[in-house]
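Hello,

Here is the structure for your files. My notes on what turned up in it follow below.

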Amino acid sequence: MQQPWDAPPQPQPPARTDDRDDLHRLGSAYRRLRRVATFTALGYFVIFLFLSGYAPSMMTSNITGGLTIGLVLGLLQLPVALVAIAMYERIARKNVDPLAAAIRERAEQAAAPRPERQSRSGRPVWQQPTGGARA
């Protein structure tokens, strides 16, 4: 009599293509999100450095009193960084988080324990008596 542990392992079904598509879309959305946030913050900083190095006369121009264009642009770096963070969070909530939640939910459902097979006696298959004895 063949026991459950003697049976050859059952091949796992291949991953559904929509799971891979969802993972691909999640990766793409996350990369796009990082690019937007990075280019927003770093792009402004690079422009500021470029103007400081190649247009010093413009950066030292007075707006009013002792306030220069360079000082205003330097002070604007913090709000620009905060805007980049806010954009990152907004895009993540809108595009990335729903995809990640759907993938997580499907993975949890796939990993959930399945009900055990039961024999005619109502006991799980692995608890069936072995040998010739009947219970």
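In which helix does Arg-34 lie? Arg-34 is part of helix H1, which covers residues 17-54. Please keep in mind while reading that this is a predicted model.

Overall layout

The protein contains four helices and two strands. Read from the N terminus, the order of the elements is α-α-β-β-α-α. The chain has 135 residues, of which 14% count as buried.

The arginine patch

Arg-34 belongs to a positive surface patch, together with Arg-31, Arg-32 and Arg-35. With a relative accessible area of 37%, Arg-34 is partly exposed. That value lies over the 30% that a residue needs to be counted in a patch.

Salt bridges

How many salt bridges does a search of the whole structure find? The search gives three. As background, side chains of opposite charge can pair when their charged atoms come close.

Asp-22 is located in helix H1. Is Asp-22 buried or exposed? Its relative accessible area is 10%, so Asp-22 is buried.

One partner of Asp-22 is Arg-25, and the closest N and O atoms of this salt bridge are 2.5 Å apart. The two side chains are also listed as a polar contact, at 2.5 Å. Arg-25 and Asp-22 are three residues apart in helix H1, so about one helical turn separates them. Arg-25 is partly exposed, at 45% relative accessibility, whereas Asp-22 is buried.

The other partner is Arg-106, whose salt bridge with Asp-22 has its closest N and O atoms 2.1 Å apart. Arg-106 sits in helix H4 (residues 77-111) and Asp-22 in helix H1, so this pair ties together parts that are 84 residues apart in sequence. Arg-106 has a relative accessible area of 24% and is partly exposed.

The remaining bridge is between Arg-93 and Glu-89, with an N to O distance of 3.8 Å. The cut-off for a salt bridge is within 4 Å, so a pair at 3.8 Å is counted. Both residues are in helix H4, four residues apart, and are therefore separated by about one helical turn. Arg-93 is exposed, with a relative accessible area of 58%, while Glu-89 is partly exposed at 38%.

Which residues do shared partners join into one network of salt bridges? They are Asp-22, Arg-25 and Arg-106.

Where is Thr-68 placed? Thr-68 is found in strand S2, which is made up of residues 67-68. The side chain of Thr-68 reaches the backbone nitrogen of Leu-71, at a distance of 3.2 Å. Thr-68 has a relative accessible area of 18%. Buried means under 20%, so Thr-68 counts as buried.

In brief

The positive patch includes Arg-34 of helix H1. The salt-bridge network consists of Asp-22, Arg-25 and Arg-106, and its link between Asp-22 and Arg-106 runs from helix H1 to helix H4. In strand S2, look for Thr-68 and the contact from its side chain to the backbone nitrogen of Leu-71.

Regards

Note on methods
Residues are numbered from 1 along each chain as its sequence is written. This is a predicted model: local features need pLDDT of at least 70, side-chain atom pairs count only at pLDDT 80 or more; totals for chains, interfaces and linings use all residues. Side-chain values use heavy atoms; hydrogens and water are left out. Patches are made of residues with over 30% relative accessible area and no salt bridge: like charges are joined within 9 Å, nonpolar side chains (Val, Leu, Ile, Met, Phe, Trp, Tyr) within 5 Å. Accessible areas come from the Shrake-Rupley method with a 1.4 Å probe; for residues, only the protein chains shown count as cover. A salt bridge is a side-chain nitrogen of Lys or Arg within 4 Å of a carboxyl oxygen of Asp or Glu. Lys and Arg count as positive and Asp and Glu as negative; His and the chain ends are not counted. The place of a charge is taken as NZ of Lys, CZ of Arg, CG of Asp or CD of Glu. Buried means under 20% relative accessible area, exposed over 50%, partly exposed in between (1.4 Å probe, protein chains only). A polar contact is a pair of N or O atoms within 3.5 Å; within protein, one must be able to donate a hydrogen and the other to accept it, and residues adjacent in sequence count only if both atoms are side-chain atoms.
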